[in-house]
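Welcome! Have the sequence and the 3D view ready, and follow along with this short briefing.

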Amino acid sequence: MDVLSLIAGRWVGGEGAEFADTNPARPSEVVARGRFASVPEVERAVAAARAAAPGWAATPHHARAAVLVANPLRLSATPPAYHRPPPALGQDEAWVREILGP
């Protein structure tokens, strides 16, 4: 699995050093790879989070909960759904409904 960072509503690969995460029970088994975020990427992410905070705070609690609950559920989805990036922020309602079902 490639590890991505959510920066300003988009999933991106990092620009920093490469890393690999291994299964602690089988250290030779790599379970994830990626690149760390660079300082400019972290600065963009923090700026985007600050800008998004008022809108997120104004979102009804049940809608925020649905987004937070959907992310772990996505990890257990079938491989094609798992590898599809989540939508941009502000376009996540249909995605949450798709993950949670009717």
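Let's begin with helix H1, residues 39-58: its 20 residues reach 29 Å from the first C-alpha to the last, close to the 28 Å expected at 1.5 Å a residue. That expected span is 1.5 Å times one less than the number of residues. Helices (H or I, at least four residues) and strands (E, at least two) are DSSP runs, numbered from the N terminus.

This is a predicted model, in which local features need pLDDT of at least 70 and side-chain atom pairs count only at pLDDT 80 or more, while totals for chains, interfaces and linings use all residues. Residues are numbered from 1 along each chain as its sequence is written, and side-chain values use heavy atoms, with hydrogens and water left out.

**The helix**

- H1 has a kink of about 40 degrees at Ala52, shortly before the proline Pro54.
- The bend at a residue is the angle between two fitted axes, one for the seven residues ending there and one for the seven starting there.

**The sheet**

- Three strands make an open sheet: there are 3 strands in the order E1-E5-E4, with mixed pairing.
- E1 and strand E4 (18-23) stand at the edges with a single partner strand each, so one side of each has no neighbour in the sheet.
- E4 pairs with strand E5 (residues 26-35) in the antiparallel sense, over 6 bridges; two strands pair if DSSP finds at least two bridges between them.
- Phe19 has Gly34, in E5, as its bridge partner.
- In general, strands of a sheet pair through backbone hydrogen bonds, either parallel or antiparallel.

**Salt bridges**

- The structure holds 2 salt bridges, each a side-chain nitrogen of Lys or Arg within 4 Å of a carboxyl oxygen of Asp or Glu.
- One joins Arg35 to Glu18, with the closest N and O atoms 3.0 Å apart. This pair links distant parts of the chain, since Arg35 is in strand E5 and Glu18 in strand E4, 17 residues apart.
- Glu18 is exposed at 65% relative accessibility, whereas Arg35 is partly exposed at 36%. Buried means under 20% relative accessible area, exposed over 50%, and partly exposed in between (1.4 Å probe, protein chains only).
- Arg26 and Glu29 also meet in a salt bridge (2.5 Å, N to O).

**A surface patch**

- Leu4, Leu6 and Trp11 make a nonpolar surface patch of about 250 Å².
- Patch residues have over 30% relative accessible area and no salt bridge; like charges are joined within 9 Å, and nonpolar side chains (Val, Leu, Ile, Met, Phe, Trp, Tyr) within 5 Å. Accessible areas come from the Shrake-Rupley method with a 1.4 Å probe, and for residues only the protein chains shown count as cover.
- Leu4 sits in the loop between strand E1 (2-3) and strand E2 (5-7).
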